[in-house]
Amino acid sequence: MADLSFLGFLVLLLPLTLLLLLYLIVRPKPVRIPIKDRHVFITGGSSGIGLALAHQAAKEGARVSILARSGKKLEEAKQSIQLATGIEVATYSADVRDFDAVKTALDEAGPVDVLVVNQGVFVPGELEVQSLDEVRLMIDVNITGSFHMIKAALPLIKKRQNGGPASIALMSSQAGQVGIYGYTAYSASKFGLRGLAEALQQEVIADDIHVSLIFPPDTETPGLEEGTVSNCKLLLCFVVFSVFLSAELLENKRRPRLTSIIAASSGAMKADEVAKKALDGIKSGSFIVPCNSEGFLLSIATAGLSPQRSVLMAFVEVVAAGLIRFVALCFQWNWYGSIEKWHARGKTGVNHADL
């Protein structure tokens, strides 16, 4: 009986000890970033997630500025926000690939408290057959455009008027956590945002600037409907002990057939839902911001050396790491099996549609 009592004590003591240790070492420390009466600047703000974020921020009392290429879409977005919230937002027409244009827009906008780097483009295809122009487009908009925005905005963020904590949020993709067939260039452009965010957080933490990296799943946006989606995401779904990876299936004839075989389709989130999750993550200063339960589990699987403010989340990451790594290896086994089967049937003349 005494042995059982001692064992129960150990079972209770070990997790409590781990929690205490994590409390002492987890960095950066928790923070709350207010939105009301602060300047929120959003790129890609004329439609989709960016527009939904602008609506949410305006409803919470922020002074909102949105930037996009199309002046017509910006005006439509401005009117829709004013109609819904009664608040007039500032609009700036510029291409994020043009640093001078971006800097001019930001200088006109003035000090920024929260910068949301939301622009992005996606063109599917195997690298061998994809044109370099398409690859450059994704790299230039998704990665270089993000550098342009942040570099131009940093002096203005440091000049913010109220001196409270500030935020730089990057809209990545679940395809920026897991690479998959047919997403080579896009995944590279989104994986790059993580390295940018992790290093940037260390550079700006002394200025009370907090970086968030948002990983939405497939989202219902105009880009999705047109076949070139601004936020193409990868969805990881765990069901009890059985798990399956879901990547968004776009209504795009260019998407490789093998991509669809490897990844089953999944339901898309609405832009408003993603925007709410994103804004909540920004306000809590979270570095990794998943947008649904599947994304939450995927964030644990790819936590790596990323910053973690939450002691509880750090505890879950530490405890679950081994199991989730095993699950990830099961995914790889399944994916590569599908690839081998695809190529084997191609060599024997079997119709791929039969797979």
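The legends below describe close-up views of a predicted model.

Residues are numbered from 1 along each chain as its sequence is written. Because the model is predicted, local features need pLDDT of at least 70, side-chain atom pairs count only at pLDDT 80 or more, and totals for chains, interfaces and linings use all residues, while side-chain values use heavy atoms, with hydrogens and water left out.

**Figure 1. Overview of the protein, with 11 helices and 11 strands.** Helices (H or I, at least four residues) and strands (E, at least two) are DSSP runs, numbered from the N terminus. Of the 355 residues, 50% count as buried; buried means under 20% relative accessible area, exposed over 50%, and partly exposed in between (1.4 Å probe, protein chains only). Of the contacts (heavy atoms within 4.5 Å) between residues at least 6 apart in sequence, 72% join residues at least 24 apart.

**Figure 2. Strand 1 and its pairing with strands 2 and 4.** Strands of a sheet pair through backbone hydrogen bonds, either parallel or antiparallel. Strand 1 (residues 39-43) runs parallel to strand 4 (residues 114-117), and three bridges join them. I42 has V116 of strand 4 as its bridge partner. Five bridges join strand 1 to strand 2, again in parallel, and H39 stands opposite R63 in strand 2. Strand 2 (residues 63-68) is mostly covered, with five of its six residues buried.

**Figure 3. Helix 9 and the residue G285 that follows.** Helix 9 (residues 271-283) has 13 residues and reaches 18 Å from its first C-alpha to its last. This is close to the expected 18 Å, where the expected span is 1.5 Å times one less than the number of residues. Among its buried residues are V274, L279 and I282. G285 has a positive phi, near 70 degrees.

**Figure 4. Cysteines C291 and C330.** C291 is buried, with a relative accessible area of 1%, whereas C330 is partly exposed at 32%. A search of the whole structure finds zero disulfides, a disulfide being a pair of cysteine sulfur atoms within 2.5 Å.

**Figure 5. Residues A101 and F122.** A101 is found in helix 4 (residues 99-109) and counts as partly exposed, at 25% relative accessibility. A101 and A152 are 51 residues apart in sequence and 9.9 Å apart in space, C-alpha to C-alpha. F122 is found in the loop between strand 4 and helix 5 (132-158) and is buried, with a relative accessible area of 1%. F122 and I139 are 17 residues apart in sequence, with 9.9 Å between their C-alpha atoms.

Methods: Two strands pair if DSSP finds at least two bridges between them.
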